[in-house]
Amino acid sequence: MSLIQSIIRATDTATRGKSKLNAPRSAIQRYALAVASVAVALGCAILTNRYHFRGVEFPLFLFAIAISAWYAGIGPAITAFVLSSLAFNYYFTEPYYTLYVTREDLVYYLVFLLFASLLTWFSIVRRRVEEALRKSRDELQIEVVKRTQQANLLNLTSDMIFVRDMDAVITYWNRGAEQFYGFTEKEAIGKHHYELLRTVFPIPLDDLVAEVVRTGQWEGELEHIKANGEKAVVLSRWSLQRDESDRPTAILATNTDITDRKQGEEQIRALNKELAKKAGELEAINKELEAFAYSTSHDLRAPLRHMVGFTELLQKHASSTFDEKGRRYMATILEAAKKMGTLIDDLLAFSRIGRVETREANVSLDYLVNEVLSEMPAPDGKKIGWKIRELPEVYGDHSMLRLALVNLISNAVKFTRTRSRPEIEIGCVEKKNNRAVVFVKDNGVGFDMKYAHKLFGVFQRLHSTEMFEGTGIGLATVQRIIHRHGGRVWAESALDKGATFYFSVPTQEN
Amino acid sequence: MEPAARILLVEDDPRDVELTMTALEDYNLTNEVVIAHDGEEALDYLYCRGKFASRDNQNPAVMLLDLKLPKIDGLEVLEKVKSDEKLRVIPVVVLTSSREERDMVASYKLGVNAYVVKPVDFHEFVNAIKELGVFWAIINEPPPGSIRKK
């Protein structure tokens, strides 16, 4: 047995050294090796035999078979076995130089055959094992290369990727995670991820893992603390890895930094809250205004009516007892009360502009201007030179735009009254970016531009009531209407040189 | 002149009552005017209870109703009247200072027969009241069961 072991050891040694030799590749080479090794063994055996060293042939042939089995494979091994058996029989069992075997040598020959076949068999099995091992080692190497490449790929992304086993221990930590969190791979691997990152979970970790195990994945926002103590919000996607027997083995966590986005959202939320508060305040103010307008409509008008009513009654009953002065006083009371009535009505109409719902649609200004002009009371005696240019179609509330035009045009009519040849021009100066600028130009008394900022204020007047009647609410109404349409209104004028009022309105729905 | 029918004037302000009565005087319509000073009194009259418990059980030919009233306001009175089988036939004219659209819409939704905003101008006011009085108390045929001066 020790002989066989030594041979195996020898083949082992040969195997280890094999990488230096070039193993024969083609079938002919392999069979040639088998024949040659048997021939060499035979030569050596005959030579040693001649010098009367008996029993050397036995291991020599076994060695030849082993060499053939190892280097040339199964077929050549069997060939070596057969050739060795024949040679052994022919040269070294009595009677020599025949293939017969005497009874005395039969046992010796059979032992040789047994050893030779055992050796062949061992060699073949070992070779097979060796080949399987080599194959799996090669596969392993390929796998390692592949994995390394994958790991390198994972290092390319700026996402933070780590793998944790089912005990929450980190087993992989990519470069993204290293750079973002500030923990090196060495520091991270082997640690519990939730301890390392001081994670704040939206639900308990156990529940989260249970969900990953159940559904295979989870996605959500987590809070992590970096190595430098900074807080980070990440969008985390977890996916489960299972082994062949379907047991969960690890969880891959991919994290994207959303701290900035989160902060942005936070800011937007804060702003929205602020806005909602402001809107609430505004609504309250509007409600207040509405209540005010309502009580104005109701409570202020009643005493006014009584003033007027009873003054009239007084006039009727006691007019004869009053002198001229007394009658004038009464007339003044009446006039003042009526004026107050008009002011209240105007104020109400003005406040209504802000309160009523607008119904927006396409409105033809051409048509609207003609409509307004046809209903405009003719100025006494004088003929106005109207110049109506081409007007665009705009987008807005018909009745409101109409009211704005009525105010602007009646203003133009009013302030050209003192002219011998009043002229009013209506047109459109520009139309771009979904916006048209329309103007109403007159050759009336105009105004001093240094008071332009007062022009659109409520109850602001730039002329005395004696010269031109009015409550001073018309232009405020125009401005309010145009502002509600998202437009702008302004005027250009010089004292005694006429005035031009411009307003911009949208030409289509935005 | 045709016999005038009874007018129920629901008005809390004595000055408005006086002005209204002055206007109605010209057509001798004041004899048959009943005045209720708030919503409760108006309903007491219509249901013949309280201080009106002993009146003859007939409906007025028209009710002139102010909206802003103490205790029970005009819209509540209107709602009550228009949902009562016996009273719903009474023509109701809302006579108010309010030009507010929501009051007008609410009144019409409740089934008011006319909505009149009291003019600030005295002459207009007198004319409006006169026309109302003449129309509802003389020209209009009130529903059966209304009080008409014999």
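Trainee: Which residues in α5(A) meet α3(A)?
Mentor: Helices are DSSP runs of H or I with at least four residues, strands are runs of E with at least two, and both are numbered from the N terminus. Contact means heavy atoms within 4.5 Å. On the α3(A) side, the residues include F58(A), F61(A), L62(A), I65(A) and W70(A). They meet a set in α5(A): Y108(A), V111(A), F112(A), F115(A), A116(A), L119(A), T120(A), S123(A), R126(A) and R127(A).

Trainee: What kind of model is this, and what is left out of side-chain values?
Mentor: The model is predicted: local features need pLDDT of at least 70, side-chain atom pairs count only at pLDDT 80 or more, and totals for chains, interfaces and linings use all residues. Residues are numbered from 1 along each chain as its sequence is written, chains are lettered from A and ligands numbered from 1 in the order in which they are written, and side-chain values use heavy atoms, leaving out hydrogens and water.

Trainee: Are α3(A) and α5(A) roughly parallel or roughly antiparallel?
Mentor: Axes are lines fitted to C-alpha atoms, for helices over the stretch in contact, and angles run from 0 to 180 degrees between N-to-C directions. The axes of α3 (residues 57–72) and α5 (residues 103–156) of chain A come within 9 Å and cross at roughly 25°. Angles under 35 degrees count as roughly parallel, over 145 as roughly antiparallel, 65 to 115 as roughly perpendicular and the rest as oblique. Therefore α3(A) and α5(A) are roughly parallel.

Trainee: Is the crossing of α3(A) and α5(A) left-handed or right-handed?
Mentor: Compare the near helix with the far one. Turned anticlockwise by less than a right angle is left-handed, and clockwise is right-handed. For α3(A) and α5(A), the crossing is right-handed.

Trainee: Which residues do ring pairs link into a cluster?
Mentor: Rings of Phe, Tyr and Trp (its six-membered ring) pair if their centres lie within 6.5 Å; planes under 30 degrees apart count as stacked, over 60 as edge-to-face and the rest as tilted. The whole structure holds 26 aromatic pairs over all chains. Ring pairs link a cluster in chain A: F58(A), F61(A), F88(A), Y90(A), Y91(A), F92(A), Y97(A), F112(A) and F115(A).

Trainee: Is Y115(B) buried or exposed?
Mentor: Buried means under 20% relative accessible area, exposed over 50%, and partly exposed in between (1.4 Å probe, protein chains only). Y115(B) forms a tilted pair with Y108(B), at 6.4 Å centre to centre and 35° between the planes. Y108(B) is partly exposed, at 43%. Y115(B) has a relative accessible area of 12%, so the residue is buried.

Trainee: Which ring does the charged end of R488(A) sit over?
Mentor: A charge sits over a ring if NZ of Lys or CZ of Arg is within 6 Å of the ring centre and within 35 degrees of the ring normal. K226(A) lies over the face of F180(A), at 4.3 Å from the ring centre. The charged end of R488(A) is 4.2 Å from the centre of its ring, and that ring belongs to W490(A).

Trainee: How many strands does chain B have?
Mentor: Read the elements from the N terminus: β-α-β-α-β-α-β-α-β-α. Of the 150 residues of chain B, 59% count as buried. Besides five helices, chain B has strands numbering five.

Trainee: Why is α2(B) largely enclosed, and which of its residues are buried?
Mentor: Seven of the eight residues of α2(B) (residues 39–46) are buried, so the rest of the structure largely encloses this helix. Its cover includes β1 (7–10), β2 (33–36), β3 and α3 of chain B. The buried residues are G39(B), E41(B), A42(B), L43(B), D44(B), Y45(B) and L46(B).

Trainee: Is K71(B) buried or exposed?
Mentor: K71(B) lies in the loop between β3 (62–65) and α3 (74–82) of chain B. Its phi is near 60°, a positive value in a residue other than glycine. At 62% relative accessibility, K71(B) counts as exposed.

Trainee: What is the relative accessible area of D16(B)?
Mentor: D16(B) lies in α1(B), residues 14–25. Leaving aside neighbours within four places in sequence, D16(B) contacts R305(A), H306(A), E11(B), K118(B) and F125(B). D16(B) is buried, with a relative accessible area of 2%.

Trainee: At what angle do α1(B) and α5(B) pack?
Mentor: D16(B) is among the α1(B) residues that meet α5(B), and F125(B) is among their partners. The crossing is right-handed. The axes of α1(B) and α5(B) (residues 122–139) are 8 Å apart, and the helices pack at an angle of about 65°.
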